[in-house]
Amino acid sequence: MDANERRDSAKDVDRAAPDTVEQQVDADGGSQVDQAGRDVHIHAAVDGQPMDAPNGRVEARQVVNAFRGEATNVVEAGTIYGNVTFGSGSGLGSVGEGSAVPVPAHRVVARPELSGRVIRALTDESQDDMLAVTGLCGAGGFGKTTLAAVVAGDRHVRDWFRDEVWWVTLGEHVRDIELASKVNDLTARVSGVRTDYRDPEQAGQHLGAVLEGRRCLLIVDDVWNEAQLAPFNIGGLSCRRLVTTRISSVLPQNAVSVIVDIMSPGQARAVLSEGLASTGGVDWQPLWALTGGWPVLLALANRQVQTYARRGLKVAAAVQRVAERLAAKGPAALDPKNPAQRRLAVTATVEVSLDLLAEPDPSRRTRFLELAVFTEKNIIFQQTLEIYWAYTGGLDADEVEQLCLDLADMSLVQGYQHGQRPMLWLHDVMREYIRFHTDADLARYHQDFLKSYRRQLGIAGSE
Ligand SMILES: Nc1ncnc2c1ncn2[C@@H]1O[C@H](COP(=O)(O)OP(=O)(O)OP(=O)(O)O)[C@@H](O)[C@H]1O
Ligand SMILES: [Mg+2]
């Protein structure tokens, strides 16, 4: 079957598809369609049993490829397209201990400008190198995992890969035997035969051999370092890979990288208004600004608005109340206090990156928090940091540059441009997070900043 035939047959499948909708809400929160304009169902299964979503929207129909066995940290993505949340080290819910089976928990707002690019890259006929990797990169909570699942469930993608779409979730702490075991699980899913390699590389070599000749898509979610990705990138030349990560340098040089950043105002409004009746006349602008288009915070804000609405507030008043709380206490104000849900929080999302930043040297965390002195919309010139961080941390110009590169690599800054005057900038909402987080230290950071310039200019009083 050539490419055109394959596309035609995909259309036929589309036409035959039923018309119920659950998966995505379009950017305006109106009709609910997938990338190709089709209506979509939710499907999810654990050991062959459809999972009950809290919102009761999961359908048992069309649940395919349910897997019985112990390999619960791998799911075949063909079974999960739909309204899903995903287990990961830093991310969202999963079913059961050690399981990363995606759990349907929220409606997915379409981001066609991103998913379209990913789908095009994955199904690019002109691309000979099937080993090619497509990466979804971006800071925590911006929707990489969600987007990967949307792509996994896209009809065109599933047709292109003939329904062989495999999903494995890693996380920041997965290494050694645990990593090997994830690879073994995946191999077992693909081949039906279990192996028990304890070394990730050996496990990866076996996986590569098993994948050989299969035209499939392997989605590796939540990768934190190159060593984690390596076993999934051996052999299997006919297989394409989609990787989600906060750390852009884990991707191979030739990878197509798609940055997952803030949502558009329309998409943000769709998340904010999810599940709310009578939203006419509501002014979403303050909440949009305070959440900075950050999906994880948008979802928390939506949940809080729903809570107030259930307690009798009109939606407009509930939105205003949530905006007031965010303005007063910062982005972490809406974090769930319930330990079971804490991983859904802004704090957990950010802290896991800060921990990694501080791993080689705890003072790197302080350097990052010191960025709280830069106010709204500020570009931060590297030259400024050379003066500031020389004073606060004794960093020389090289060390400042390395730290800037690392912050950019770990998606802790929104951008880092290394032209004539290297500069970086933070997401507004990240800046707000660290401003509230540093709280008592903020005044001292400001003083240090002034002192650093006094010292630079040779003005007395810098000590
Ligand atoms: N397209 C979307 N529609 C609706 N909500 C979304 C969407 N994308 C993300 N969200 C919300 O943001 C949360 C975080 O999304 P997701 O887990 O996909 O982020 P991530 O970039 O993978 O984060 P991490 O780096 O921590 O793994 C989701 O649980 C959901 O509440
Ligand atoms: Mg994720």
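**Burial, salt bridges and helix packing in the predicted model**

Aspartate 185 is buried, its relative accessible area being 5%. In this predicted model, the residue forms a salt bridge with arginine 194, for which the closest N and O atoms are 2.7 Å apart.

In total, the count of salt bridges comes to 13. One of them joins arginine 107 to glutamate 274, with 3.6 Å between the closest N and O atoms. This pair links distant parts of the chain, 167 residues apart, since arginine 107 is placed in the loop between strand 4 (74-76) and strand 5 (108-109), and glutamate 274 in the loop between helix 8 (265-272) and helix 9 (285-291). Arginine 107 counts as buried at 15% relative accessibility, whereas glutamate 274 counts as partly exposed at 23%; the two fall into separate classes because the limit for burial is 20% relative accessible area.

A further salt bridge is formed where the side chains of arginine 364 and aspartate 406 meet, at 3.1 Å from N to O. Because arginine 364 belongs to helix 13 and aspartate 406 to helix 15, the pair ties together parts that are 42 residues apart in sequence. Arginine 364 is buried, with a relative accessible area of 15%, and aspartate 406 likewise counts as buried, at 18% relative accessibility. Elsewhere, Asp428, Arg431, Glu432 and Arg435 are joined into one network by salt bridges that share partners.

The packing of helices was examined next. The axes of helix 12 (residues 346-358) and helix 16 (residues 428-438) come within 12 Å and cross at roughly 90°, and the two helices are therefore roughly perpendicular to each other. On the side of helix 12 the contact is made by Val346, Thr347, Val350 and Glu351, and on the side of helix 16 by Met430, Tyr433 and His437. Sorted by class, this contact has four nonpolar, two polar and one charged residues.

Helix 14 (residues 382-393) has as its buried residues Gln382, Thr384, Leu385, Ile387, Tyr388, Trp389 and Tyr391. These buried residues pack against several elements, namely helix 13, strand 11, helix 15 (397-409), strand 12 (415-417), strand 13 (423-425) and helix 17 (442-457). The helix is followed by glycine 394, whose phi is positive, near 65°. Glutamate 370, found in the loop between helix 13 (363-369) and strand 11 (380-381), is buried, with a relative accessible area of 2%. Beyond residues up to four places away in sequence, glutamate 370 touches Tyr388, Trp389, Thr392 and Tyr445.

Leucine 136, in strand 6 (residues 133-137), counts as buried at 0% relative accessibility. When residues up to four places away in sequence are not counted, leucine 136 touches Val118, Lys144, Leu147, Ala148, Leu242, Val243, Thr244, Thr245, Val258 and Val260. With leucine 242, which lies 106 residues apart from leucine 136 along the chain, the separation of the C-alpha atoms is 7.5 Å.

Backbone geometry was also considered, given that most residues other than glycine have a negative phi. Aspartate 176, although not a glycine, has a positive phi of about 50°, and its place is in helix 5 (residues 176-191). Serine 411, also not a glycine, has a positive phi of about 60°; this serine is placed in the loop between helix 15 and strand 12 and counts as buried at 11% relative accessibility.

As regards confidence, the protein chain averages a pLDDT of 79, and 74% of the residues score at least 70. Over residues 1-101, however, pLDDT stays under 50, although the model has 266 contacts beyond four places in sequence for this stretch. Where pLDDT is low, the predicted coordinates should not be read in detail.

Technical notes
Residues numbered from 1 in each chain as written. Chains lettered and ligands numbered in written order. Predicted model: local features only at pLDDT ≥ 70, side-chain atom pairs only at ≥ 80, totals over all residues. Heavy atoms only, no water. Helix = DSSP H or I, 4+ residues; strand = E, 2+ residues; numbered from the N terminus. Buried < 20%, exposed > 50% of the residue type's maximum accessible area, 1.4 Å probe, protein only. Contact = heavy atoms within 4.5 Å. pLDDT = per-residue confidence, 0-100. Axes fitted to C-alpha atoms, helices over the stretch in contact; angles between N-to-C directions. Parallel < 35°, antiparallel > 145°, perpendicular 65-115°, else oblique. Nonpolar A, V, L, I, M, F, W, Y, C, P; charged D, E, K, R; others polar. Salt bridge = Lys/Arg side-chain N within 4 Å of Asp/Glu carboxyl O.
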